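Keep the sequence and the model side by side.

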Amino acid sequence: MSPQYKNYLSRRLFFQHTGFGLGGAALASVFDRESQAASADPLQKRGLHHQPKAEHIIYIHMVGAPSHLDLFDYKPELQKRSGQLCPDEFFAGKQLAFIREQPNLMGTPKDDKYAFKHCGQSGHQISNLMPHLQGVADELCFIKSLHTEQFNHAPAQLFSLTGFERFGRPSIGSWVSYGIGSHNRNLPDFVVLNSGQILGAGNSAWGSGFLPTVHQGIEFRSKGDPVLFLSNPDGMSDRERKSVVDSVNKLNSLQLDSIGDPEIATRISQYEMAYRMQSSVPELMDTSRESAATHERYGSEPGAASFANNCLLARRMVEKGVRFVQLFDQGWDHHNGVFNALPRKTQQVDQPIAALIKDLKERGLLDKTLVVWGAEFGRTPMAQGSSGTGEKLSSAGRDHHKEAYTVWMAGGGVKGGHSYGSSDELGYSAADKPVHIHDFNATIMHLLGIDHERLTFRYQGRQFRLTDVHGHVVQDVIT
Amino acid sequence: MPLIPAIPHFGILSQEERLNRVRNILNRVHKFLNRVQSLFWAVCLSSALDAAAEDEKAIDFNRDIRPIISENCVHCHGPDPETRDAGLRLDTQAGAMEDLGGYQALVPHDLESSEMWYRIMLDADDDELMPPADSKRALTAEQKDLVRRWIESGGEYQEHWAFVAPEREAGHTIDHFIQKQADARQLTLAERAKASAQIRRASLDIIGLPPTPEELDDFLLAYSQDAEAAYASLVDRLLASPRFGERWARQWLDLARYADSNGFQADQLRDSWAYRDWVIDALNDNMPYDRFTIEQLAGDLLPDATLEQKIATGFHRTVTCNVEAGVHVEQNRTNQVVDRVNTTGTVWLGVTMECAQCHDHKYDPFTMREYYQMFAYFNNTPVEVSVPSGKTDVSHDFVGPFMDLPQSPELVAQREQIAAELKAVRAEKKKLDTKSAYTEWQQQMRAEPEWQTCQVQAFESTGGETSEVLADQSVLMKGKFSAITDYRATMTVETPQLARAIRLEVLTHDQLPGQGPGRGDETRTNFVLNELELEIDGQPVELVDAKASFSQNKYDVSGLIDGDISSGWAIAPEYRKDHWATFQLTEPVELSKDSQLQVVLRHAYKGGRTIGRFRVSVLDGIPKSSDMDAELLSILKKQKPSKSEQKKLRAAYEKSSPALAAMVKKEAQLDKKQKALKPDQTLVMQEMDEGRMTRIMKRGNYLDQGDEVQAGTPAVLPAIDPELPANRLGLAQWLVNGENPLVARVAVNRWWAEIFGRGIVATLEDFGTQSEPPTHPELLDWLAIELVESGWDMKHVLRHIFLSETYRQDSRVVDSQVDPPNHFLARAPRFRLEAERIRDNALAVSGLLSTKMHGRPIMPYQPDNIWRQVGRNEPKWIEAKDENRWRRGIYIVYRRAAPYPSMVNFDAPDRGACTVERPRTNTPLQALTMLNDPAYVEMALAFADRILTESDSPSVAARLHTAYRIAFSREALPAEIEHLSEVVAERVEHFTKDPTAAQKTIAGASRVYQAQHSDPAELAAWFYIGNILLNLDEMVTKS
């Protein structure tokens, strides 16, 4: 073999060992294009651009969009004016998904159940609907001035997760996988866990767009095989499967010797990895060995399909080195009866999220794990449906709202107990220090050690990135 | 030296500063030349890889300089005046040489006077450095040297090659151009591949399926007699096969972003598969590419457009459509037009128009105005979503032009038959309608209803729930929760009476999740009841005239008694309330104390919404419903109802008189049948009578409109004939008039890439100034001209390629000094097949493949729980158990939110947007798919069965040879036979000893397929061989 060819093979092998599936970067075409793009611009190297603040991320997306106004962004003025017709400028010429007639303002009910409490040393105001989260308030860093550009679910989900409102762009998790890969080559870089039905954007919410498909999120399912096609056909034992894989690899080695195509070497290693995954993935998903105390803390139950289980799984994945864990939880689209529906949902997620944060902290993982809580948009301060006067619990809901909403981050590199930006006194628009979705994504990438402007992929004659040509890192939230 | 002017960007400099700058330049040039010298040695030593590029031949602007300028300068000094800095534009010769006030960026032959050179040579920390530090771009030493040599040699610009018409010298062949580039790199082309490899490769490439053992034998025989003739006739046979269109349609359907669903929220299915079939047929018929283009872009606008020409316009109706509640109709429409413009640009021109949607293109010569001129061509079709009348909170309706497809004579006959029956029923109905019956009904209606609650004697359910009969005789469901469940209650009455009607109450209760009345979800406490059946003393009782307290849209209470398990009654969003449904018996029944009423409530909704608590009662009379009946009662009490009141009364009578209602029900059933038989439809493009005015949308925002524009084509391309109509038809005709420098090149390049794994231009989707330069520019032009001159004959061009020596080479990787990735094709490419061909090939090898063509999308095996999204009209996966299970991948239903998962693992896109090239990865998920996907496991069993049936001899070696000939079109090698024989021996021994294991293995693999081989131990053992062979690299690779 010529030295050049050996060199070529070893570069190939390098890629093969950098992450799950990346052996895949078999990318005959993509690989070439990447290397050529890199030589044209030496600054456009993939990977870490600076010292990361966090090595892992658990990104919790509340599908449908929770009413941030009733959870985290307390608006006494809105409560005071509840039932009054909203100001003209909230309605005239505005794009609203459902509201068609000038609506009333609607504040959080005054009842103690919905009241906000000053929590911890930070004094974060968090609704009584999230009592467990109140207990970890000092870990949370709120952004209360986030705004987006889309007001329907599927486009807004695509926009917040891929930076573009239509199909075809890579998701944030796949960008991270592409940029910095993973620690554990027996598990994917980017794992997705769903509770409830799949969100409207479908698989594209964790798709790889024009990036190589090895970077797409892999859904670990709570029913059936956790990873599709993981289990052997009925009647085939683990030992028998091993012998099949050995035979396949033996025959493939014979081919490799006579043909010399490095792709065959890659395939051999991928079959080995597939076999290893058949035990490593079920082990990872099996929470039965977690202590009773842990289950009690999360509200999880071995084998169940629930958001609580997914929180526990997220911690287990981070422990095993998975880079990006994304949780989707369906059921937050409260167009009517928001004050009945919201407590039912918060009851499902409050305890497990707080447990996750505490658990990560106790295990020394929180410092290197970024926890993000977000949604595709917020909800209107105006009522959808008749709002009542605030005396009696309103049966109305809140419509989609893109002008201002609240998300939070915790852990790796963010200022716990801090709050950034604010909405106006009625919660309609981002009043102080607005943060755009592109800024938010740039900040997440920054915390992971990635410069969002430099992690690019050449496609259709231009360098694409997650944040298009926008995005500023919100330095103020970073330690 | 030029004087530095006082323009803000450059700043004002004193004479002293100017002199310093000159000194600086000289210093730098000196340092640079030193660096260049060492670089020269480094390059010489490094590798022969870039032999061609390193050669000191003349600078080629397009090859050497344009990429540097495009990448580093044009973003701020480009065609877009909005973002142009310092009034300088570097993408044109005139711009670069413009007088900037006594100096120029570029002065030909004069390095020192060229400001551009000065700027790029500044130190990294210099504020005036270009590109500036904050752009995060920097030129390499090699690039600077290229710029130096270019300026010194005259600094001449050339037009980007792709915008100049192709030219070719007569007389050459494909091989000539490949040889020429290979020679330049001292590459020796490989020998021809073995005959068996040639037939396998050609078969997989041309029809996407392997040769059968018979085809292999015939070919080898013919090849031994006359290799050239045998091979040529093989290629011709394959090109003429109907399988050709099925294989090549995949690439086009990726471009056309063809799918069977809308995309976005809910992602409902819609019908445009006739378009998919049109593509397959057009490819099989070798429709010339110009006609292929015109019919898809504008078939509807052709004079006397045929049915097929209209179906072809499905190309642009495949675009995604968001019907999510809350979508603004115009925004959705604009997004669709944008997609059509961008896709047209990518597919035919190989350029990315979309950059110009918000501003003039940064790199390529397309202005924002031109973008909207293209937009204007597509801006005249109707909207495709509409808000259901009076409802703002449900998904919108998917509308837009569609067309009925013709039906078979049998179906037409069936429809006529049903129409005749319907007519008879209507006549019968009329007969029953007597005056006395009407009067009796009116009397009953006036009576006050007295419901008698039925006493529950026994209750059981099929879902394993427990239940409790409460004091009020309602049944409360508890314990286990099952989505699919039947409740069966046996009841009696305390007081004998005549039963004319029955009532089902569905009640709330504190113990139910969210209070019920459903028990599936505590937020949406809905139930979906699919059927209600009543038996009295073992006799089924027919029910009519369903009424309810409330019925959810599309879940009308009448669905309970229509005999159709898929329809049913639900009550969203009227949660947490008591509900009722009433029905009349067609024949009144006398109930005694001993009469046994049995009520069956069937739940079949997979989403899991079952009734939490219910109660049943009976009535001697006509049940009243809510508002409607209150009004009727007041009419009935009137002495002289008005005309309109009488009409209302009649209508109510026709619906609820027991005598008539049975006929009404029959009528409804026939009506439903008739609807089920209505012709299939397909989505088409249709121009509105009056077109829209197109305006530039500022920053691409549809709400922020600027100047009006007229339809038109980009100025950089040959002008459109003013005689052509200013619509899609004119645009399509302009594209394929033979003068466009891009259209043919882009098309042949894609075909080349499909065969060789990489385009002559590697960036298939982009031929603009940022594209990869072609590896074989002359070959690209030769193919493009061949396409046009042959009358846009695709198969003619493909035939040239398949008959070339380049294509027929061996693919083994010999110890290559240069070009390891094989860009210059000194051997045949070897790469993994794409998702559809992997499935099709494995199906063919297993012997299961059905070659049935065309029609509605198929649903083969897929794991449970893949399709789960929220929304109205959510589609369901119904696994085919017939031959549809084993048809080619191109026919599998393409649902954008969740495409067929085993194909996704092999890089199939979601078809949400135009896909020009699929990645080709190699992952453990692919290994798991081939090893364990029940679809492939079933194929492995069928393959084993086939080997055992087809082998002439029962010897293991003979069987292995048979297997290899089927799977790989070759004999098995001794080492392969040796290893696999050991596997067979071990497995046969194991399964002979343990017959239960053999049975279990076979059962585990056969979901539908029933194997023929009679010896289970042998079959199970060879199933292992099938599983191994289907997983070999060779099985998924074109070699």
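**Domains and contacts**

In this predicted model, the C-alpha centres of domain 1 of chain A and domain 2 of chain A are separated by 35 Å. Domain 1 covers 46–223 + 305–477 of chain A, and domain 2 covers 230–299. Such bounds come from an automatic or database domain assignment.

Between these two domains, 14 residues of domain 1 of chain A meet 11 residues of domain 2 of chain A. Two residues are in contact here if their C-beta atoms, placed from the backbone, lie within 7 Å. On the domain 1 side, α10 (307–319) and α11 of chain A each give two or more residues. Helices are DSSP runs (H or I, at least four residues), numbered from the N terminus. α10(A) gives the most to that side, with seven residues. By class, the domain 1 side has nine nonpolar, three polar and two charged residues. Ala, Val, Leu, Ile, Met, Phe, Trp, Tyr, Cys and Pro count as nonpolar, Asp, Glu, Lys and Arg as charged, and the others, Gly among them, as polar.

Now the contact between the chains. Chain A brings 85 residues and chain B brings 95 residues. Among the elements of chain A that each supply at least two residues to its side are α1 (3–16), α7 (238–259) and α11 (338–362). That side of chain A divides into 35 nonpolar, 34 polar and 16 charged residues.

Chain B has its own division: domain 1 (15–158), domain 2 (406–446), domain 3 (449–649) and domain 4 (932–1038). The C-alpha centres of domain 2 of chain B and domain 4 of chain B lie 60 Å apart.

Residues are numbered from 1 along each chain as its sequence is written, with chains lettered from A and ligands numbered from 1 in the order in which they are written. Local features need pLDDT of at least 70 and side-chain atom pairs count only at pLDDT 80 or more, while totals for chains, interfaces and linings use all residues.
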